[in-house]
Amino acid sequence: MTKKEFLAEFQEILQRDEPVQEETPLASLAEWDSVARMVLIAFFDRTFGQQIKFDAFNACHTVADLMALTQGGIV
C-alpha cells in the first residue's frame, strides 16, 4: 500500500471530507473517536494482517505514527 492509499483510506475511515496529511495531529481531528479507532484496528488486521498492541496504538500522536505501525506495509 502506498502512503497516498493509506491517507485516502484513513480519510474514509474518519468519514472526513478534508484530506489528512502525515503530520496531522490525531488530537486535532474531531472525527478521531472510539468508533474510528475500532474501524482502524479492523483495517490493520484486514489489510496488513496485524493486531495492533494497545500501548503502541495509544502512543500514536500523528497520522505518520499510525503509518509506522504497519511495520513496512506502506511504501
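The conversation below concerns a helix, the residue after it and some aromatic pairs.

Q: What kind of model is this?
A: This is a predicted model, in which local features need pLDDT of at least 70, side-chain atom pairs count only at pLDDT 80 or more, and totals for chains, interfaces and linings use all residues. Residues are numbered from 1 along each chain as its sequence is written, and side-chain values use heavy atoms, with hydrogens and water left out.

Q: Which residues of α1 are buried?
A: They are Phe6, Leu7, Phe10, Gln11, Ile13 and Leu14. Buried means under 20% relative accessible area, exposed means over 50%, and partly exposed lies in between, with a 1.4 Å probe and protein chains only. Helices (H or I, at least four residues) and strands (E, at least two) are DSSP runs, numbered from the N terminus.

Q: What do the buried residues of α1 pack against?
A: They pack against α2 and α4 (63-68), where contact means heavy atoms within 4.5 Å.

Q: What comes just after α1?
A: Gln15 follows, with a positive phi of about 55°, although Gln15 is not a glycine. Gln15 is placed in the loop between α1 and α2.

Q: Is Gln15 buried or exposed?
A: Gln15 has 70% relative accessibility, so it counts as exposed.

Q: Changing topic, how many aromatic pairs are there?
A: The count is eight aromatic pairs. Rings of Phe, Tyr and Trp (its six-membered ring) pair if their centres lie within 6.5 Å; planes under 30 degrees apart count as stacked, over 60 as edge-to-face and the rest as tilted.

Q: Why is the pair of Phe6 and Phe43 tilted?
A: The ring centres of Phe6 and Phe43 are 6.0 Å apart and their planes are at 55°, so the pair is tilted. Phe6 lies in helix α1 (residues 3-14) and Phe43 in helix α2 (residues 34-48), so the pair ties together parts that are 37 residues apart in sequence.

Q: What about Phe6 and Phe44?
A: Phe6 and Phe44 form an edge-to-face pair, at 6.3 Å centre to centre and 80° between the planes. Both Phe6 and Phe44 are buried.

Q: Which residues form the aromatic cluster?
A: Phe6, Phe10, Trp32, Phe43, Phe44, Phe48 and Phe57 form one aromatic cluster.
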